[in-house]
Amino acid sequence: MLHILLNSPYDISMSSLFSFSSACDDLICLQDGVILGVIDNIFLEKFYKNFNLIYFLENDLSARGFLKLAKKNQLIMINYCSFVLLTLSHNRNMTW
């Protein structure tokens, strides 16, 4: 499954998200979801333990001033075409 995080991790129910996810699922962070990639985010380590791969939309990182930070933290950044390919490669998706 592909989980799509559109909202800040501080604005969603983490218990619900983790109860609907498994370690083989992937996550993509878009819009305010890219806040997850900020240094010292209290949720990031838990996300790394609960998801296979975590992707961040490069345009949204840039729009929020996080692009340099994302490169420093070696986050997996993707563009819109890669986002479309990710959605096509997963049978199901869930938006948060």
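**Exposure, cores and salt bridges in a predicted chain**

Tutor: The accessible area of the chain is about 5,500 Å², and carbon and sulfur atoms supply 53% of it. Such areas come from the Shrake-Rupley method with a 1.4 Å probe; for residues, only the protein chains shown count as cover. The model is predicted: local features need pLDDT of at least 70 and side-chain atom pairs pLDDT 80 or more, while totals for chains, interfaces and linings use all residues. Residues are numbered from 1 along each chain as its sequence is written, and side-chain values use heavy atoms, without hydrogens and water.

Student: What makes the chain as compact as a globular protein of its length?

Tutor: The elements first: there are five helices and five strands, in the order β-α-β-α-β-α-α-β-α-β from the N terminus. The radius of gyration is 12 Å, close to the 12 Å that the globule rule gives for 96 residues, so the chain is as compact as a globular protein of that length. The radius is taken over C-alpha atoms, and the rule is 2.2 Å times the number of residues to the power 0.38. Helices (H or I, at least four residues) and strands (E, at least two) are DSSP runs numbered from the N terminus.

Student: Why is V38 called partly exposed?

Tutor: Buried means under 20% relative accessible area, exposed over 50%, and partly exposed in between (1.4 Å probe, protein chains only). V38 has 22%, so it counts as partly exposed. V38 lies in the loop between β2 (26-29) and α2 (44-50). Leaving aside neighbours within four places in sequence, V38 is in contact with F66 and L69, contact being heavy atoms within 4.5 Å.

Student: Why is L88 called exposed?

Tutor: The relative accessible area of L88 is 67%, which is over the limit for exposed, so the label holds. L88 lies in helix α5 (residues 80-89).

Student: What makes V84, L85 and L88 a nonpolar patch?

Tutor: Patch members have over 30% relative accessible area and no salt bridge; like charges are joined within 9 Å, and nonpolar side chains (Val, Leu, Ile, Met, Phe, Trp, Tyr) within 5 Å. V84, L85 and L88 form such a patch on the surface, with about 320 Å² of accessible area together.

Student: What makes a set of residues a nonpolar core?

Tutor: The members are buried Ala, Val, Leu, Ile, Met, Phe, Trp, Tyr and Cys residues joined through side-chain atoms within 4.5 Å. The largest core has 19 residues, of which L27, C29, L36, F47 and F56 touch the most other members. Two or more residues each come from α1 (14-19), β2, α2 and β3 (54-57), and α1 gives the most, with three. Apart from this core lies another of nine residues, among them L2, I28, I78 and L86.

Student: How do you know that R64 and D32 form a salt bridge?

Tutor: A salt bridge needs a side-chain nitrogen of Lys or Arg within 4 Å of a carboxyl oxygen of Asp or Glu. For R64 and D32 the N to O distance is 3.0 Å, so the pair qualifies. R64 lies in the loop between α3 (58-63) and α4 (67-72) and D32 in the loop between β2 and α2, so the bridge ties together parts 32 residues apart in sequence.
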